[in-house]
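Dear colleague,

Please find the structure we spoke about just below, for you to open alongside this message.

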Amino acid sequence: MSNHRSRREFLGSAALGVGGAAISSILPGAGLLSASAAEFDDPTTPKQPHFAPKAKSVIWLHMAGAPSSLDLFDYKPDLIKLHGQPLPESFSKNLKTATDGGVGALLATKRTWKQYGETGAWVSDWLPHLSAQVDNIAFLKGTKTEGSTHVISSLKLHTSGLTPGRPALGAWIQYGLGSANPDLPAFVVLPTGKGSAGGGRQATIWSSGFLPASYQGTAFRQGDSPILHLARPQVVTAEEQRSTLDLLRSLNEHQAERYPQDSELQARARSYDLAFRMQKTAPEAVDLSKESEATRKLYGVDEHATQEFGTALLRARRLVERNVRFVHAISGTPEDSDVDSWDAHNDIEKNHSVMTRSVDKPIAGLLADLKSRGLLDTTLVVWTSEFGRTPYGQTGDGRDHNPWGYTTWIAGGGIKPGSYGATDEIGLRAVSGVVDTYDLQATILHQLGLDHSRLTFQHLGRSERATTVFGEVVKEIIA
Amino acid sequence: MLTRKLFFICLCTLTAGLAFASIDLSDFDDELMRNMDDAIKALDGSIGAKDVQASAVDAQFIAEGLEWAEGYFTAKGDVPDAVQWAAQGREFAAAIAAQTGKNDFDAAFTSYRSLVKTCRSCHDVYKPPSL
């Protein structure tokens, strides 16, 4: 029990009972954007950003399970030299671990490495297609986070919270900017693979949290019917459905006249209309038969290993072409694979060879395709995960979770290509250019024309932000 | 395969938290820290609302808490970084109170960002890890 006065007591004794709770929605600076759940906020209309944006959309590539930067982007010759030795104390000092599976000997990468492009970025032989795209990419090599389990760190990556209940970044963006296409959801989720609903990948990471429910991500299914229950039942004709909806609308409008403050009623009426419009627009938006053979090949849509993720990323391009604000693609593997995520606690060679093969060509294809269509300038492509993996081994041939230092990258949307930040000599901890997930979110919001410190929502008497009380824009990577 | 998985789960459980030694913070006032965390969030809104009184109360609460933390870490010894962070944080909290008192909320918000960064630096090293 604390010997100190609680904050409640403190506020009471200060004769300011309302304390920090009685805050208005105004934050420093002009052009504020703030609302509360009691106010109706139409998610299908566009809103003005705080300042001129560089990007219009985000394609968020979530590598679920945590890939090893040390085997993909973060080349560490010293780790190779120290292979088999215990982790030196100089590297582990003050390192906080929780559910680690023990600290094995240092484990060198078995990959071969080369520098690519004008930026000279290091990429391993596991990513032959992506290596040709490095001059479009800003590598954040000093990324760090909190937590050491997938669920907690995935929540932090996507919602800035360590427990469920906060809105995902995509929800905040839709709240801040509204929709640029009233016929499609502004925040779409594209899960892939059999493991896509597992730890750290469930709906809490695309939730609207305390924002109105209309801002949550809409998960699209594989196949030509992307939204569950969207298609009109076969026994109902289009005319019957239209007249039913017209009747419903007239009843809702009648009720709305009596209760003009009822925002839920207005939201529901709009959701019926959006669903009706999406019956046509959503299947068309993900219909890859309209794509050329060359484009399908670029993404690996017709190859077994890349079919699922390639399909998801080609859909993502079609969605941003239609002005969807935020597309969250989650990596998975084919149904017949015995690897279901990047979580390589053992046999990293097998795990990562399967995972890299499934994402390398689709991601490189996405970047090339966006660039050739002039869309990369206005689309942020973010490659990230809940954390990275340790330089020390686990179970002999795997790596444990590493929240202290790993690589994230961003391409397009006004971001300057190159490498920013670094981990230490063995790739354990971020030591320069440190970017926390709050900073990553603040930077993405900035490129979309939103000041993370001014995008607020009143919840339980508190002015909430996407980045909580943290977050700094990484100005060094802005073109 | 199952046996290997079970072995691994047991290994994880047994070794949880044992890998890297840290200083003993079991007597740290966690409740005070939680209250300060609330106050930090509230201060953000108080500055935003240009509420002089609420900002002063929140800033004072944080300053008192950091004064306690500074004393705690000083008594622990051999953690000069923690002592320095607590002292810096206290100075930022005092600056916020002074700046809001002069209705200079832009400056107060800048100090607030510095305060939050200072808290985070200390938490990175000394706050118990999240699972």
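**Strands and a helix in chain A**

Five of the five residues of strand 11 (residues 398–402) of chain A are buried, so this strand is largely enclosed by the rest of the structure. Here a residue is called buried if 20 or more other C-beta atoms, placed from the backbone, lie within 10 Å of its own, exposed if 12 or fewer do, and partly exposed in between, while strands (E, at least two residues) and helices (H or I, at least four) are DSSP runs numbered from the N terminus.

This is a predicted model, in which local features need pLDDT of at least 70 and side-chain atom pairs count only at pLDDT 80 or more, whereas totals for chains, interfaces and linings use all residues. Residues are numbered from 1 along each chain as its sequence is written, and chains are lettered from A and ligands numbered from 1 in the order in which they are written.

Strand 11 of chain A runs antiparallel to strand 10 (residues 388–394) of chain A, and four bridges join them; two strands are taken to pair if DSSP finds at least two bridges between them. A:Gln394 stands opposite A:Gly398 of strand 11, and in this hairpin, with three residues between its strands, A:Thr395 has a positive phi near 55°.

In helix 11 (residues 437–447) of chain A, 11 of the 11 residues are buried, so this helix too is largely enclosed by the rest of the structure. Among them are A:Tyr438, A:Asp439 and A:His446, and the helix is followed by A:Gly449, which has a positive phi near 90°.

**Helices of chain B**

Chain B has five helices and zero strands, and 37% of its 131 residues count as buried.

The axes of helix 2 (residues 30–48) and helix 3 (residues 52–76) of chain B come within 9 Å and cross at roughly 150°, where axes are lines fitted to C-alpha atoms over the stretch in contact and angles run from 0 to 180 degrees between N-to-C directions. Helix 2 and helix 3 of chain B are therefore roughly antiparallel to each other, a label given to angles over 145 degrees, with those under 35 called roughly parallel, 65 to 115 roughly perpendicular and the rest oblique.

Residues that meet across this pair include B:Leu32, B:Met36 and B:Ile40 in helix 2 of chain B, and B:Phe61, B:Ile62 and B:Trp68 in helix 3 of chain B.

With best wishes

Key: Two residues are in contact if their C-beta atoms, placed from the backbone, lie within 7 Å.
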